[in-house]
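Hi everyone, thanks for coming. Let me put the structure up on the screen, and then I'll walk you through a few parts of it.

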Amino acid sequence: MVVVMRTGAAPEEIDAVVARVESAGGSAFVSRGVQRTIVGLVGDIAAFQTLNLRAMPGVGDVVRVSKPYKLVSREHHPEATTIQVGGVPIGPDTFTLIAGPCAVETADQTLESARMAQQAGATLLRGGAFKPRTSPYAFQGLGEKGLRILADVREETGMPIVTEIVDAHDVDLVAEYADMLQVGTRNMQNFALLQAVGSAGKPVMIKRGMTATYEEWLMAAEYVAQRGNLDIVLCERGIRTFETATRNTLDIAAVPMVHALSHLPVVVDPSHSGGRRDLVVPLTRAAIGAGADAVIVDVHPDPTAALCDGPQALYGEELDQLAAACRDLPPIVGRRLTTSG
Ligand code: PEP
Ligand code: MN
């Protein structure tokens with residue numbers, strides 16, 4: 001069961017709901033979103049039904065949710081949620097371009113990538129300081145030094161930062177710098193990490209596990225929500241299939257399907273799904289057509305020298321095509337490109 005508080009419900013009203021649920025032997029998980037607070041109830045439903053929670057001050061609704069994920073489900077939350085990332089919206093009325101280098105390599109490369117991203121219409125900067133690499137011999141990222149570079153580039157460009165976290169022990173460090181924490185495909189079911197980012201007080205982007213079903217992906221989001229953080233965006237980044245010509249297979253149906261199942265925004269990563277520069281713009285067009293709330297794209301000033309994922313990084317003419325797609329297509333599906341925070 002889920003208690004949906006009214007917009008602007010007072011903290012004491014929320015505390016009173018929690019206390020009443022606990023007095024009946026249940027547990028209550030409070031999730032504060034930008035728009036409203038939701039309290040997830042775990043325990044004896046029959047006992048909760050006798051508590052008359054609906055009549056309590058500040059309570060908007062009490063809903064039984066049949067899905068295994070409750071706080072992130074559409075069932076009790078019919079309107080789509082808008083998340084603010086450092087003042088930049090990701091939600092149903094807008095289309096947001098997130099772009100930047102796969103990895104932070106140097107201060108110059110990061111600043112140049114950010115300028116390219118901004119030129120193409122991006123309002124959020126991506127860039128990995130901690131990289132989850134398949135090979136232990138590959139570049140692992142600059143760590144804290146990379147975070148400092150990102151913070152300097154944010155200062156210079158005004159673009160809020162999206163960056164990956166790979167280890168629960170680094171949450172305080174990464175949250176100090178990041179405007180949105182990214183959980184990568186390889187960590188989508190790292191439950192300790194999900195719980196840690198759920199308590200970090202920053203928006204979280206959860207990339208779909210490359211073999212995860214929608215339900216598993218939404219359950220990952222539920223871990224974050226259950227820790228009190230409803231500022232979550234879900235990122236479709238391609239799944240493993242029998243096809244080997246592309247790096248992964250973009251599951252475009254994930255966009256409308258996950259929108260139907262959840263109130264959270266859905267982002268598409270056309271770079272990591274296709275793994276090829278020539279596919280990024282066509283996949284971005286498909287994402288916008290399918291109703292994505294944002295795309296996250298790799299760019300690099302010199303892809304041949306990139307330390308990570310150069311073959312999928314945009315520059316030059318393809319970057320111009322990305323800019324045109326992000327400018328021209330969103331209005332056709334009733335959205336406008338986010339221009340600034
Ligand atoms: C990334 O965005 O840099 C990344 C590592 O993505 P994924 O987790 O989707 O592979
Ligand atoms: Mn990458």
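This is a predicted model: local features need pLDDT of at least 70, side-chain atom pairs count only at pLDDT 80 or more; totals for chains, interfaces and linings use all residues.

I'll talk about the metal site, then the ligand beside it, and then a helix.

Residues are numbered from 1 along each chain as its sequence is written, chains are lettered from A and ligands numbered from 1 in the order in which they are written, and side-chain values use heavy atoms, with hydrogens and water left out.

So, which protein atoms are the donors of the manganese ion, ligand 2? They are Cys102 (SG), His272 (NE2) and Asp309 (OD), at 1.9 to 2.3 Å from the ion. Donors here are N, O and S atoms within 2.8 Å of the metal (3.2 Å for Na, K and Ca), and with water not among the atoms, sites may look incomplete. Along the sequence, the spacing of these donor residues reads C-x169-H-x36-D. His272 sits in helix α9 (residues 270-274) and Asp309 in the loop between β14 (294-298) and α11 (316-328), so this pair ties together parts 37 residues apart in sequence. Helices (H or I, at least four residues) and strands (E, at least two) are DSSP runs, numbered from the N terminus.

Are those two buried or exposed? His272 counts as buried because its relative accessibility is 9%, and Asp309 is buried too, at 17%. Buried means under 20% relative accessible area, exposed over 50%, and partly exposed in between (1.4 Å probe, protein chains only).

Now for ligand 1. Cys102 and His272 turn up again among the residues around it, which also include Arg126, Glu164 and Arg237; each has a heavy atom within 4 Å of the ligand. An oxygen of ligand 1 lies 2.9 Å from a side-chain N or O atom of Gln182, and for Lys207 the corresponding distance is 2.8 Å. The protein covers 97% of the 290 Å² of accessible area that ligand 1 has on its own (Shrake-Rupley method, 1.4 Å probe; for residues, only the protein chains shown count as cover).

Last stop, helix α7. Its buried residues include Tyr214, Trp217 and Leu218. What do the buried residues of α7 pack against? Their partners are β2 (27-32), α6 (191-198), β11 (204-207), β12 (232-236) and α8 (254-261), with contact meaning heavy atoms within 4.5 Å. After α7 comes Gly228, with a positive phi near 100 degrees.

Conventions:
A polar contact is a pair of N or O atoms within 3.5 Å; within protein, one must be able to donate a hydrogen and the other to accept it, and residues adjacent in sequence count only if both atoms are side-chain atoms.
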